[in-house]
Amino acid sequence: MSELRTRDPWAALAALTPARVALGRVGASLPTREVLAFALDHSRARDAVHLPFDADGLAQEVAALGFDTVTVASQAPDRATYLRRPDLGRRLDAASSRTLAPVPSGADIVVVVADGLSSAAVHAHAAALLAELGPRLRAGGWRLGPVVLAHQARVALGDEIGERLGARFAILLVGERPGLSSPDSLGAYLTFAPRVGRTDAERNCVSNIRPAGLAYAEAARTIAWLTGEALRQG
């Protein structure tokens with residue numbers, strides 16, 4: 001009886017990347033293990049999108065690093081609305097605007113930690129990245145505002161937060177859209193002179209921050225350098 005299962009001769013590539021390459025085949029179909037692996041990764045990506053943001057737990061981790069924290073929320077009242085209405089995730093709700101009003105302003109840099117599309121990424125990596133990034137920013141002599149933890153937040157929410165706090169620069173750490181091989185990827189969006197109406201073309205981005213991607217120390221060095229050069233050059 002002939003062997004029905006054949007293996008792609010490029011299968012060695014699979015050891016070099018988490019991408020779906022050289023999956024093999026059984027007759028005209030994929031092997032069962034690959035179908036099941038796809039279903040599992042798809043479920044993990046969906047779970048990452050819907051996992052509730054544990055801002056209280058993260059606030060404790062961030063406070064242990066020596067940062068003050070403030071918690072805010074966007075105008076999206078729940079996750080379903082957030083996913084359907086990206087525009088509401090870009091603006092603060094009324095209560096959060098009042099919360100930020102008495103916060104000391106005029107810092108050089110404000111760091112915002114936003115759930116984005118993967119709270120799992122924020123829970124796993126935000127505090128570890130801040131542990132590397134905080135000392136580098138302080139070593140540059142920059143004044144740091146409180147770390148702002150943001151519920152149901154899109155990238156542009158950092159613009160309003162930075163503007164309200166009078167910061168010269170905003171660093172927004174956010175859970176990126178989950179992929180089938182990376183449900184926990186953290187991104188950093190860097191904006192000079194943040195204000196409502198900034199576009200993504202006016203930002204820098206450092207993405208795929210996680211142990212299986214860009215390591216915390218390397219990401220922190222890159223973010224700190226970009227931030228320092230932006231502040232120095234205006």
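Modeller: On a 1 Å grid over the protein atoms alone, a cavity is a set of points where a 1.4 Å probe fits but cannot get out, and lining residues have an atom within 4 Å of a point. This is a predicted model, in which local features need pLDDT of at least 70, side-chain atom pairs count only at pLDDT 80 or more, and totals for chains, interfaces and linings use all residues. Residues are numbered from 1 along each chain as its sequence is written, and side-chain values use heavy atoms, with hydrogens and water left out.

Biologist: Which residues line the largest cavity?

Modeller: The lining consists of Val155, Gly158, Asp159, Ala170, Ile171, Leu172, Tyr189, Thr191 and Arg203. Two or more of the lining residues come from each of helix H6 (157-164), strand E6 (169-175) and strand E7 (186-192), where helices (H or I, at least four residues) and strands (E, at least two) are DSSP runs, numbered from the N terminus. E6 gives the most, with 3 residues.

Biologist: How much space lies in the largest cavity?

Modeller: About 40 Å³, a volume being the space filled by probe spheres set on the points, which are joined across faces, edges and corners.

Biologist: And what is the volume of the largest pocket?

Modeller: A pocket is an open set with protein on both sides within 12 Å along at least five of seven lines. The largest pocket has about 380 Å³, and among its 22 lining residues Arg90, Arg154, Val155, Ala156 and Asp200 lie nearest its centre.
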